[in-house]
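Hello,

Here is the structure for you to look through. My notes follow below it.

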Amino acid sequence: MTGAVSALASELPDWVTLLRAPNPGPMTLDGTNTWLLRAAPGEPAVVVDPGPADEAHLAAIVAQGPVGRVLITHGHPDHTEGSARLHELLGGAHVLAVDPAHTIGGEPLTRPGQDLAGFGLAVRLLSTPGHTADSVCFLAERDGQRVVLTGDTILGRGTTVVAHPDGHLGDYLTSLELLSTYREIPALPGHGPALADCGAAADFYLAHRRARLDQVRRALDAGARTAAEVVATVYADVDRSLWWAAEWSVRAQLEYLDRESDGGDAGLDPA
């Protein structure tokens, strides 16, 4: 699927700024979204996802200064590759992530609901593993206006990959159920346009994932023996150049079905 997963946001709060990195591609859509949250002119901003190590993009972030803190939604390189250089350019602003490998100058993010308030903003950590084991979202608020920064857990267009074996479909479905409770709050994704309603987008994703699971079950019943054979059946409508990524999701789906059936082998050969 390539369309928006819910209505697009017609406008964003005036304290939110998007800087899109110049790294478009099949997995990054128009490029990685770097979001800046600033409570008021002159206040230090909070940056979410520095993006790739592109000097022009990082310079554009610095030009929006001052910056007080950098937050990471998950550790994939298209979100984090520029972190160390941005930390340097900003004179040591802390970079905070779940994974210590992507945390610079501060302590890793550890607690669901962790309070990250500061610089005139209320920011709370939402633990949303599934796309990756370290995936999180952030609920940010200023003066009663709220947004959810969803990283790759919810995209602005199309659907995301469950990056097996690091990602886990059971975790991902639980994370989507959590995000579905944030009704009528804009979703600011890691790629693609902002969405008007995080809850509605999560509902769409949940329905899509459950439909895919049904398709995988039918493919297995019809005799598919390997993950690649399931991909060829279930993802026949997807460009073949992306089947390698679809196979990640299929392996996550098969693992989920194995657990659902109390450890059965889902009828697959180990290929």
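Two strands pair if DSSP finds at least two bridges between them. Helices (H or I, at least four residues) and strands (E, at least two) are DSSP runs, numbered from the N terminus. This is a predicted model: local features need pLDDT of at least 70, side-chain atom pairs count only at pLDDT 80 or more, and totals for chains, interfaces and linings use all residues. Residues are numbered from 1 along each chain as its sequence is written, and side-chain values use heavy atoms, without hydrogens and water.

Start with the sheet. Four strands form an open sheet in the order S6-S7-S8-S9, with mixed pairing. S6 (122-127) and S9 (187-189) are the edge strands, each pairing on one side only. S7 (residues 136-142) and S8 (residues 145-151) pair in the antiparallel sense over five bridges. Glu 141 has Arg 146 in S8 as its bridge partner.

Now helix H7 (residues 243-260). Buried residues (under 20% relative accessible area, 1.4 Å probe, protein chains only) of H7 include Trp 243, Val 250 and Leu 257. Among what covers the buried residues of H7 are helix H4 (169-179), helix H5 (198-221) and helix H6 (227-234).

How do H6 and H7 cross, and at what angle? Their axes (lines fitted to C-alpha atoms over the stretch in contact, with angles from 0 to 180 degrees between N-to-C directions) come within 9 Å and cross at roughly 110°. So H6 is roughly perpendicular to H7 (65 to 115 degrees).

Best wishes

Key
Buried means under 20% relative accessible area, exposed over 50%, partly exposed in between (1.4 Å probe, protein chains only). Contact means heavy atoms within 4.5 Å. Angles under 35 degrees count as roughly parallel, over 145 as roughly antiparallel, 65 to 115 as roughly perpendicular and the rest as oblique.
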